Amino acid sequence: MIMNWLQKMMYGRYGTDQLNIALLIFSMLLTLVIQLIGIPWLSLLPLCLLIICFVRMFSRNIPRRYQENNQFLKLWNPVKSWFSLQRRKWKDRKTHRYYKCPKCSRILRVPKGKGKICITCPGCRTEIIRKT
């Protein structure tokens, strides 16, 4: 019964997306930091972020919210990719080395302990000689 009411209310509304989740997480982290700092009037900032999150969630202007999310993802995806690469590098630090192709800037992963080898970039076919 409650679910039917919620479904009817949310029909035609935007709902949640990656930007809303990021706003929610940032708001929670900001709340924690403000509590540690101890400046009470700054607690309005996370509240504003939560209000923006809910306004976006209940909005009926779906194309505009979709466009906002795409703009956010254009900024977020490079950051996410960088952190993912750093995590992969850390995980493979004992078995592999990572090099950047000088021509196309592609990241190349090669096994460690092979001495001087010729690395061929699969994207642009540039050959690089490096010590692994």
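User: What does the side chain of Asp-17 reach at the backbone nitrogen of Leu-19, and at what distance?

Analyst: This is a predicted model. In it, the side chain of Asp-17 comes to 3.3 Å from the backbone nitrogen of Leu-19. The Asp-17 side chain also reaches the backbone nitrogen of Asn-20, at 3.0 Å.

User: Where is Asp-17 found?

Analyst: Asp-17 sits in the loop between α1, residues 2-10, and α2, residues 18-37.

User: Buried or exposed, that Asp-17?

Analyst: Asp-17 counts as buried, because its relative accessibility is 8% and the cut-off for buried is under 20%.

User: Which residues is Asp-17 in contact with, leaving aside its neighbours in sequence?

Analyst: With neighbours within four places in sequence set aside, Asp-17 is in contact with Arg-56, Arg-65 and Asn-69.

User: What do the side chains of Arg-56 and Asp-17 meet in?

Analyst: They meet in a salt bridge, at 3.1 Å from N to O. Arg-56 belongs to helix α3, residues 44-57, while Asp-17 is in the loop between α1 and α2, so this pair ties together parts 39 residues apart in sequence.

User: And how buried is Arg-56?

Analyst: Arg-56 has a relative accessibility of 5%, so it counts as buried.

User: Which salt bridge does Glu-68 make with Arg-56?

Analyst: The side chains of Glu-68 and Arg-56 meet at 2.9 Å, N to O. Here Glu-68 is in helix α4 and Arg-56 in helix α3, so the pair ties together parts 12 residues apart in sequence. Glu-68 is buried, at a relative accessible area of 17%.

User: Which residues are linked in the network of salt bridges?

Analyst: The network links Asp-17, Arg-56, Arg-64, Arg-65 and Glu-68.

User: How many salt bridges does the structure hold?

Analyst: The structure holds 5 salt bridges. One of them is between Asp-92 and Arg-109, with the closest N and O atoms 3.1 Å apart. That pair links distant parts of the chain: Asp-92 is in the loop between α4 and β1 (96-100), and Arg-109 is in strand β2 (residues 107-111), 17 residues apart.

User: Asp-92 first: what is its relative accessibility? And for Arg-109?

Analyst: Asp-92 is at 13% and counts as buried. Arg-109 is at 47%, which makes Arg-109 partly exposed.

User: Changing topic. How many aromatic pairs are there?

Analyst: The count comes to 3 aromatic pairs. Among them is Phe-72 with Trp-76, a stacked pair with ring centres 6.3 Å apart and 5° between the planes.

User: Where do Phe-72 and Trp-76 lie?

Analyst: Both are in helix α4, residues 62-91, and they are 4 residues apart, about one turn of the helix. Phe-72 counts as buried at 19% relative accessibility, whereas Trp-76 is partly exposed at 39%. Another aromatic pair is formed by Trp-82 and Phe-83: the centres are 5.0 Å apart and the planes are at 80°, so this pair is edge-to-face.

User: What sits over the ring of Trp-90?

Analyst: The charged end of Arg-93 does, 3.9 Å from the centre of the Trp-90 ring.

User: Cysteines next. How many disulfides does a search of the whole structure find?

Analyst: The search finds 0 disulfides.

User: Buried or exposed, Cys-121?

Analyst: Cys-121 is buried, with a relative accessible area of 0%. Cys-104 is partly exposed, at 36%.

User: Last topic, the backbone. What is phi for Ser-105?

Analyst: Phi of Ser-105 is near 65°, a positive value in a residue other than glycine. Ser-105 is in the loop between β1 and β2, and at 44% relative accessibility Ser-105 counts as partly exposed.

User: And what about phi for Arg-125?

Analyst: Arg-125 has a positive phi of about 65° although it is not a glycine. Arg-125 is in the loop between β3 (116-120) and β4 (127-131). With a relative accessible area of 61%, Arg-125 is exposed.

Technical notes: Residues numbered from 1 in each chain as written. Predicted model: local features only at pLDDT ≥ 70, side-chain atom pairs only at ≥ 80, totals over all residues. Heavy atoms only, no water. Disulfide = S-S within 2.5 Å. Buried < 20%, exposed > 50% of the residue type's maximum accessible area, 1.4 Å probe, protein only. Helix = DSSP H or I, 4+ residues; strand = E, 2+ residues; numbered from the N terminus. Polar contact = N/O pair within 3.5 Å; in protein donor to acceptor, adjacent residues only side chain to side chain. Contact = heavy atoms within 4.5 Å. Phe/Tyr/Trp six-rings, centres within 6.5 Å; stacked < 30°, edge-to-face > 60°. Lys NZ or Arg CZ within 6 Å of the ring centre and 35° of its normal. Salt bridge = Lys/Arg side-chain N within 4 Å of Asp/Glu carboxyl O.
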